[in-house]
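Reader: Could you walk me through a few spots in this model with me? I'd like to go one at a time and ask as we go.

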Amino acid sequence: MQINVNHYPCYIDGQWVNSSNSATLDVLNPSNEEVWATVPDCTEEDVNRALLSSKNAQLSWQMLPAIERAKYIMKIVEGLKPKREHFARLLVLEQGKTLPEAFAEFDDTLNYLTYSAEAARRIQGEIFPSENTDEQLMITKVPYGVCLGLCAYNYPLALIGRKVGPALVTGNTMVLKAHEATPVTASEFCKVVDEVGVPPGVINLVSGAGISVSSQLVSHPLTRLISLTGSTRAGQAIYKAASDNVAGLVLELGGKAAFIVLKDADIDKAAEAAVVSRYANCGQVCICNELVLVHEDVAEEFTKKVLEKVREITFGDPMSGVNMGPSVTSQGIDRVETMVNLSVDMGASVAIGGKRPQGAGFEKGYWFEPTVLTGVTREMPVAKEEMFAPVMPIIRVKDYEEALDITNDREDGLSSYLYTQHIPTIMDALKRMEVGTVFVNTQIVGYVQGYHSGHKRSGTGGEDGIHGIENYLQKRTVYWNYA
């Protein structure tokens, strides 16, 4: 069958451009590994042009009243709305999520942008008493300048909305760099930016191989704030690369969320939440349930109910009404397969799944069966390392303290889950869990008015809500003698 391969250019200074040396990157469909699109593989010259364009546009953008900047953001929202199905299908093609998940991501993108636009009238400064007469002490807030938005492959459109909205409403301009595996929706997003008349340079887009282009963007002296959603390893590299310029950082990095089920939990509710929170987006959500810690008294009942629900998961062509699509990259599947096999060699048991599926429809593509592992111990790879895959390891614990120890005995700390009816235990966990987000008796969720941040090596800064918008602003103190 002939596949139509479309080219999606970059967007620099209000113009559609290819790389200066005409190099391109292929974009593969993770369901079948077919090349269905190409994007420019940008050069240092292209990076310089994009950053300079954003620098040249920034002051005039900053000088607009915040509410005028918000109107442009809402123009983007209105421009996106008629293209909901178009974007959803593009997300399925490049990312592999199911069509319902793709529609949900599109809707989340609109919510991120709309929330940021609504914040235009809520950017606040402060006034403090002075030590002298005829003097005023004020703290006002100003943008950083040129921001860099580095987006992960799990939510290629929503992460754009999550970063662009706060950056623009606070008076910054932004250069976007989508993940090389999922760059198409970023180009299509910029088509809407262009159509609705956002001033040239306010939003620029470059694409290309991850390390070369991203490192140039991060270390460039024009880059004043870097917003990354990605792995801990990527965040550490960016932290170092940004140090010479002392650039601002908003890093939302990896984690391994523990899903704790104590013996007084609602087991039916916990089992359902554990499955939803593990296999959403094929397990490729940074706050997914990565490791179940279940009290030994209810472990058998809980595991039985989990397996019943996992057997109901259907996977295959993500356009066909299944519950789960493929992973995005071959590297991700190779890695999780190795981790599962090593853990089985160390004594874990495969309760369901545990391998790449075979047969019609799975000859190619980045597939792994919905998997549950029992008999897991904390030393096994599936318990120690973030998987970002549809694999649920289950560890039996003797009490809450053991579960808390496993949860906190990590260098990262993004999120965790706790199922119990015991209020003193919940209150203790909220004080002692070393993570940025705690889900108590609820499954995976995220609201635009919340705050998404990591502790320890899971990041610095954060996104969403009023605190997320604050991260795109610097404070400026004014001592004003008006005598």
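Reader: Is Glu 252 buried or exposed?
Author: Glu 252 is buried, because its relative accessible area is 2%; buried means under 20% relative accessible area, exposed over 50%, and partly exposed in between, with a 1.4 Å probe and protein chains only. This is a predicted model, in which local features need pLDDT of at least 70, side-chain atom pairs count only at pLDDT 80 or more, and totals for chains, interfaces and linings use all residues. Residues are numbered from 1 along each chain as its sequence is written, and side-chain values use heavy atoms, with hydrogens and water left out.

Reader: Where does Glu 252 sit, and what does UniProt list for it?
Author: Glu 252 is in strand S12, residues 248–252, where strands (E, at least two residues) and helices (H or I, at least four) are DSSP runs numbered from the N terminus. The unreviewed UniProt entry lists Glu 252 for "active site", and such annotations may be inferred rather than shown by experiment.

Reader: Which residues does Glu 252 touch?
Author: Leaving aside residues up to four places away in sequence, Glu 252 touches Arg 162, Leu 228, Thr 229, Gly 230, Cys 286, Leu 414, His 452, Ser 458 and Glu 463, with contact meaning heavy atoms within 4.5 Å.

Reader: Changing topic, at what angle do H3 and H6 pack?
Author: Helix H3 (residues 84–95) and helix H6 (residues 184–195) pack at about 160°, with their axes 9 Å apart. The axes are lines fitted to C-alpha atoms over the stretch in contact, and angles run from 0 to 180 degrees between N-to-C directions. H3 and H6 are therefore roughly antiparallel, the word used for angles over 145 degrees, whereas under 35 counts as roughly parallel, 65 to 115 as roughly perpendicular and the rest as oblique.

Reader: And which residues meet there?
Author: From H3, His 86, Phe 87, Leu 90, Leu 91 and Glu 94 meet Val 184, Thr 185, Glu 188, Phe 189 and Val 192 of H6. By class, the contact of H3 with H6 has six nonpolar, two polar and two charged residues; Ala, Val, Leu, Ile, Met, Phe, Trp, Tyr, Cys and Pro count as nonpolar, Asp, Glu, Lys and Arg as charged, and the others, Gly among them, as polar.

Reader: How about Leu 110, buried or exposed?
Author: Leu 110, which lies in helix H4 (residues 99–118), is buried, with a relative accessible area of 11%.
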